[in-house]
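Biologist: I am new to this one. Please show me how to read its features.

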Number of protein chains: 2
Amino acid sequence: MSLLAESPVYSPGLHVLAAFRAAESRLTDLAGCRAFFAQQIAALGLVEVGAAWHAFPAQPDGLPGGFTAVVALTESHLSLHTWPEFGHATFDVFLSNYQRDNADRARQLYAATLAYFEGEALNYTEVRR
Amino acid sequence: MSLLAESPVYSPGLHVLAAFRAAESRLTDLAGCRAFFAQQIAALGLVEVGAAWHAFPAQPDGLPGGFTAVVALTESHLSLHTWPEFGHATFDVFLSNYQRDNADRARQLYAATLAYFEGEALNYTEVRR
């Protein structure tokens with residue numbers, strides 16, 4: 001490991017972590033979110049290289065299930081998890097600056113997501129990594 | 001949104017974000033990491049519901065490409081991105097406590113990943129969300 005220890009530490013980019021409240025109708029609409037993310041990824045010039053989308057079943061008491069999305073990008077990833085029974089969602093985007101500075105794109109993607117969900121922001125954290 | 005505003009804020013669980021250095025041989029071994037994650041997910045009693053794995057092509061100068069993994073879990077997600085040209089990797093695990101407290105499992109998964117990669121820890125952040 002001696003050669004590695006002598007090289008400078010690489011700093012990939014910005015990771016935004018956030019949570020917001022939103023209405024059940026959005027928090028259970030996997031298809032709508034999927035179309036929204038696809039549109040955003042294209043608009044921001046990001047490149048998707050794979051994704052997993054999963055809808056949770058309805059609860060025993062009849063409450064609708066939420067969904068989970070993880071999207072792999074050449075620039076790193078994007079994720080969203082919803083808990084409609086709590087009116088709650090968490091959002092992450094981590095964009096590396098490998099070919100250009102993507103920090104503002106990460107912030108824009110969060111702002112657009114909050115607007116799409118007509119959400120009420122609960123918390124917002126930026127981690128430089 | 002008035003009903004939502006009156007309910008308590010849901011706190012899903014712990015998100016661990018970390019970075020480490022490792023040797024090129026591990027940082028380019030997508031198949032090895034995939035098998036390792038599958039074994040860890042089973043050992044920790046987590047449930048995978050989808051994943052995206054992507055290997056980047058070799059660089060023009062012949063340097064090997066890294067890989068990206070995002071794994072959707074019923075408990076939220078796991079991700080890993082490697083930059084072998086910098087001897088660098090970032091790791092995330094976010095485990096919700098929906099059915100049990102998973103905070104220690106998140107920490108265990110990071111410790112096991114660092115050991116698997118024979119990595120040198122660079123930074124480690126816990127975000128309660």
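Predicted model: local features only at pLDDT ≥ 70, side-chain atom pairs only at ≥ 80, totals over all residues.

Biologist: In which loop is Glu118(A) found?

Modeller: Glu118(A) is in the loop between helix H4 (103-116) and strand E6 (120-128) of chain A.

Biologist: What is the phi of Glu118(A)?

Modeller: Most residues other than glycine have a negative phi. Glu118(A) has a positive one, near 50°. Another case is Ser76(B), also not a glycine, with a positive phi of about 130°. Ser76(B) lies in strand E4 (residues 76-83) of chain B.

Biologist: Is Glu118(A) buried or exposed?

Modeller: The cut-offs come from relative accessible area: buried is under 20%, exposed over 50%, partly exposed in between (1.4 Å probe, protein chains only). Glu118(A) has 59% relative accessibility, so it counts as exposed. Ser76(B) has 2% and therefore counts as buried.

Biologist: How is chain B superposed on chain A?

Modeller: Two copies of a chain are related by a rotation about an axis and a shift along it. Here a rotation of 180° with 0.0 Å of shift puts chain B on chain A, at RMSD 0.0 Å. Contact means heavy atoms within 4.5 Å.

Biologist: What does Thr90(A) touch?

Modeller: Skip residues up to four places away in sequence. Thr90(A) then has partners in both chains, among them Ala18(A), Ser79(A), Trp83(A), Pro12(B), Phe94(B) and Arg129(B). Thr90(A) lies in strand E5 (residues 88-96) of chain A. Its relative accessible area is 0%, so Thr90(A) is buried.

Biologist: And Arg128(B), where is its place?

Modeller: Arg128(B) is in strand E6 (residues 120-128) of chain B. At 54% relative accessibility Arg128(B) counts as exposed. Beyond four places in sequence, Arg128(B) touches Gly13(B), Leu14(B), Asn97(B), Ala103(B) and Arg107(B).

Biologist: Now helices. Which residues of H3(B) are buried?

Modeller: An α-helix has 3.6 residues a turn, so residues three or four places apart point the same way. In H3(B), Leu30(B), Cys33(B), Phe36(B), Phe37(B), Gln40(B) and Ile41(B) are buried. They cover an arc of only 135° around the axis, so they sit on the same side of H3(B). The arc is that of the directions from the helix axis to the C-beta atoms. The face turned away from the buried side carries the exposed Ala31(B), Ala42(B) and Ala43(B). Cover for the buried residues includes E2, E3, E4, E5 and H4 of chain B.

Biologist: What span does H3(B) reach from its first C-alpha to its last?

Modeller: The expected span is 1.5 Å times one less than the number of residues. H3(B) has 14 residues and reaches 20 Å, close to the 20 Å expected. Just after H3(B), Gly45(B) takes a positive phi of about 70°.

Biologist: What follows H4(B)?

Modeller: Glu118(B), with a positive phi near 50°. Within H4(B), the buried residues include Ala103(B), Leu109(B), Tyr110(B) and Tyr116(B).

Biologist: How many aromatic pairs are there over all chains?

Modeller: Rings of Phe, Tyr and Trp (its six-membered ring) pair if their centres lie within 6.5 Å; planes under 30 degrees apart are stacked, over 60 edge-to-face, the rest tilted. The count over all chains is 20. Phe36(A) and Phe37(A) form a tilted pair, 5.8 Å centre to centre with 45° between the planes. Both Phe36(A) and Phe37(A) are buried. Trp53(B) and Phe67(B) are stacked, at 6.3 Å and 25°. Trp53(B) lies in strand E2 (residues 48-55) and Phe67(B) in strand E3 (residues 67-73) of chain B, so the pair ties together parts 14 residues apart in sequence.

Biologist: Which ring does the charged end of Arg129(A) sit over?

Modeller: A charge sits over a ring if NZ of Lys or CZ of Arg is within 6 Å of the ring centre and within 35 degrees of the ring normal. Arg129(A) sits over Phe94(A), 4.6 Å from the ring centre. Likewise, Arg26(B) lies over the face of Tyr116(B), at 4.2 Å.

Note on methods
Residues numbered from 1 in each chain as written. Chains lettered and ligands numbered in written order. Heavy atoms only, no water. Least-squares fit on C-alpha atoms with pLDDT ≥ 70 in both. Helix = DSSP H or I, 4+ residues; strand = E, 2+ residues; numbered from the N terminus.
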